[in-house]
Amino acid sequence: MTRKEEIEKRRTFGIISHPDAGKTTLTEKLLLFGGAIQTAGAVKNNKIKKTATSDFMEIEKQRGISVATSVMAFRFNDKQINILDTPGHKDFAEDTYRTLTAVDSVIMVIDCANGVEEQTKNLMKVCRMRNTPVIVFINKMDRDGKEAFDLLDEIEMTLGIKVCPLTWPIGMGDYFQGVYNIHKKNLALFEANKTKISQDVVNIKDINSSDIDEIIGEESSAELREELEMVDGVYDAFDHEKYLSGEVAPVFFGSAVNNFGVKELLEAFCEISPSPRGRESDSKMVQPMDEKFSGFVFKIHANLDPKHRDRIAFLRIVSGKFERNKFYNHVRLNKKFKFSNPTSFMASDKSVIEEAFPGDVIGLYDTGNFKIADTLTEGEKFMYKGIPSFSPELFQELVNLDPMKSKQLDKGIRQLIDEGVAQLFIQQPGNRKIVGTVGQLQFEVIAYRLKHEYGAKCQFEAKNFHKACWVTTDNNEQLQQFLRAKANYIAHDKDENIVFMAETPFLLANAESDYPDITFHKTSEFMLDKK
Ligand code: G4P
């Protein structure tokens with residue numbers, strides 16, 4: 001197979017949703033269709049239980065399981081599909097945002113009763129930053145939910161993306177009869193069944209034919225015809241280009257737990273979703289077909305066994321071809337590395353690979369050389385952009401409880417920060433370490449891991465900060481005034497960038513109006529443009 005063919009058959013995507021909408025169930029059903037797993041329940045354990053906030057063994061166990069299910073690869077039709085797992089737990093949202101930089105498209109699951117929820121909005125914002133193509137799957141149609149038109153309106157209004165239904169539901173809840181496939185002109189009939197994989201499909205050439213009345217009843221078919229007419233009037237026909245540029249999201253209806261609508265979704269996904277796309281670096285746009293190999297690290301996973309300090313770095317390949325035992329350039333360190341055990345994630349079986357292509361994600365054993373966003377190349381000097389840090393929402397000061405172990409603590413916290421567990425801001429005087437996270441759970445994970453992996457005892461003290469904003473300006477005089485006036489609220493991030501630790505939204509707004517030449521960034525994305 002040529003390199004072009006290898007690349008074109010790959011589909012690397014993520015499934016995203018607000019917790020409980022059905023992401024895990026849908027993932028599992030897709031894996032069942034792809035033959036990657038044989039029984040339901042295999043992926044379920046991957047979820048960090050919403051209640052297990054202080055069950056450390058649970059967190060540790062989950063960490064182990066989630067290495068195996070971080071990337072789930074399988075073949076369907078003639079496509080090689082890579083699903084990148086995104087943690088649903090909101091405390092791990094930043095992990096999810098970073099993983100989204102390594103996918104080429106997403107499937108967004110929405111619960112038909114709850115509609116667009118908080119986490120859906122946040123995830124969508126991240127997709128919009130990169131114009132990631134989105135397919136929407138409206139789930140749980142076997143339950144009573146909102147009307148289809150209302151849901152589509154809600155998506156357009158709150159998520160800022162146009163929609164294009166490709167299937168249309170017939171009834172809902174107890175009266176859910178199935179979906180009409182607008183694209184293929186057939187009717188898939190619903191049957192509540194958690195084990196059956198396929199459903200009955202009836203081809204309908206003409207929506208006005210009386211066959212349909214016989215199958216779903218006169219009343220339902222009249223309603224369906226009327227609704228399809230409205231769909232036709234309200235929504236433009238599916239435009240592939242607009243989907244690929246992230247302007248229009250095709251919509252499917254179904255019930256993941258009942259395997260209903262999942263096959264249609266997967267088939268349509270294979271047909272329309274993009275093959276691996278290029279990525280922007282700080283010096284040029286790199287395309288999958290470019291000769292030379294390059295890729296970036298978007299996730300780092302610590303070894304489950306604390307005695308072994310090695311970690312797995314997840315590398316998304318962007319261009320060229322990756323080969324085992326070949327020397328590659330680690331751009332940030334300006335050092336050459338070769339990898340003798342790169343692993344793939346085919347099914348849940350981790351195996352050493354000889355080569356990998358754009359779109360693939362491989363695991364590289366790492367002894368502490370990688371940070372999130374590191375770039376590997378065949379010698380070229382560029383770094384990939386677009387893996388921002390988001391301003392955390394919770395801040396606590398890390399206090400060392402054992403002065404004899406301050407070196408271990410220092411090393412430990414820096415390594416955890418490199419893994420992307422949290423963000424670190426250093427405040428002067430006294431080198432105070434302010435740890436910022438998006439959720440309470442991370443503080444518990446950090447304290448636990450510092451103790452068990454680095455032998456350092458620490459405690460966290462709450463800090464009353466509202467936001468950490470990265471500041472930039474061309475007006476050095478104004479910057480110096482600002483730094484003097486706000487000395488107590490200035491910190492530096494791990495790369496020595498200046499950060500303003502605002503205590504309240506009011507104080508942030510004040511600073512913005514008092515220092516008009518200074519820009520206050522809520523994500524660190526700007527730093528990537530600065531280079
Ligand atoms: P998540 O990963 O997005 O958090 O959601 P998950 O798949 O775990 O689904 C959340 C709950 O919704 C699960 O129920 C799941 O069975 C249910 N669910 C998923 N798809 C459908 C569907 O199409 N129809 C209906 N009626 N329910 C659905 P649970 O009670 O939390 O777990 P379980 O005990 O059923 O496994």
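Two strands are taken to pair if DSSP finds at least two bridges between them. The strands themselves (E, at least two residues) and the helices (H or I, at least four) are DSSP runs, numbered from the N terminus. The model is a predicted one, so local features need pLDDT of at least 70 and side-chain atom pairs count only at pLDDT 80 or more, while totals for chains, interfaces and linings use all residues. Residues are numbered from 1 along each chain as its sequence is written, and side-chain values use heavy atoms, with hydrogens and water left out.

Seven strands build it, in the order β2-β3-β1-β4-β5-β11-β6, with mixed pairing. At its edges are β2 (71-76) and β6 (162-165), each of which pairs on one side only. From one strand to the next the twist averages 30 degrees; axes here are lines fitted to C-alpha atoms, for helices over the stretch in contact, and angles run from 0 to 180 degrees between N-to-C directions. As a general point, strands of a sheet pair through backbone hydrogen bonds, either parallel or antiparallel.

Helix α6 (residues 148-159) lies across β4 (105-111), β5 (134-139), β6 and β11, and runs at about 150 degrees to β6. Helix α2 (residues 23-33) is largely enclosed by the rest of the structure, because eleven of its eleven residues are buried; buried means under 20% relative accessible area, exposed over 50%, and partly exposed in between (1.4 Å probe, protein chains only). Among the buried residues of α2 are Lys23, Glu28 and Phe33. The buried residues of this helix pack against β1 (10-17), β2, β3, β4, β5 and α10, where contact means heavy atoms within 4.5 Å. After α2 comes Gly35, with a positive phi near 75 degrees.

Strand β15 (residues 311-319) and β22 pair in the antiparallel sense over six bridges, and Leu364 in β22 is the bridge partner of Ala313. Strand β22 (residues 361-366) has five of its six residues buried, so it is largely enclosed by the rest of the structure.

Across the whole structure, 24 aromatic pairs are found. Rings of Phe, Tyr and Trp (its six-membered ring) pair if their centres lie within 6.5 Å; planes under 30 degrees apart count as stacked, over 60 as edge-to-face and the rest as tilted. Phe176 is buried at 5% relative accessibility, and Phe260 is buried at 2%.

Phe482 and Phe520 also form an edge-to-face pair, 5.7 Å centre to centre with 80 degrees between the planes. This pair links helix α13 (residues 476-485), which holds Phe482, to strand β31 (residues 519-521), which holds Phe520, 38 residues apart. Phe482 is buried, with a relative accessible area of 0%, and Phe520 counts as buried at 7%. Elsewhere, Phe293, Phe322, Tyr328, Phe337, Phe339 and Phe370 form one aromatic cluster.
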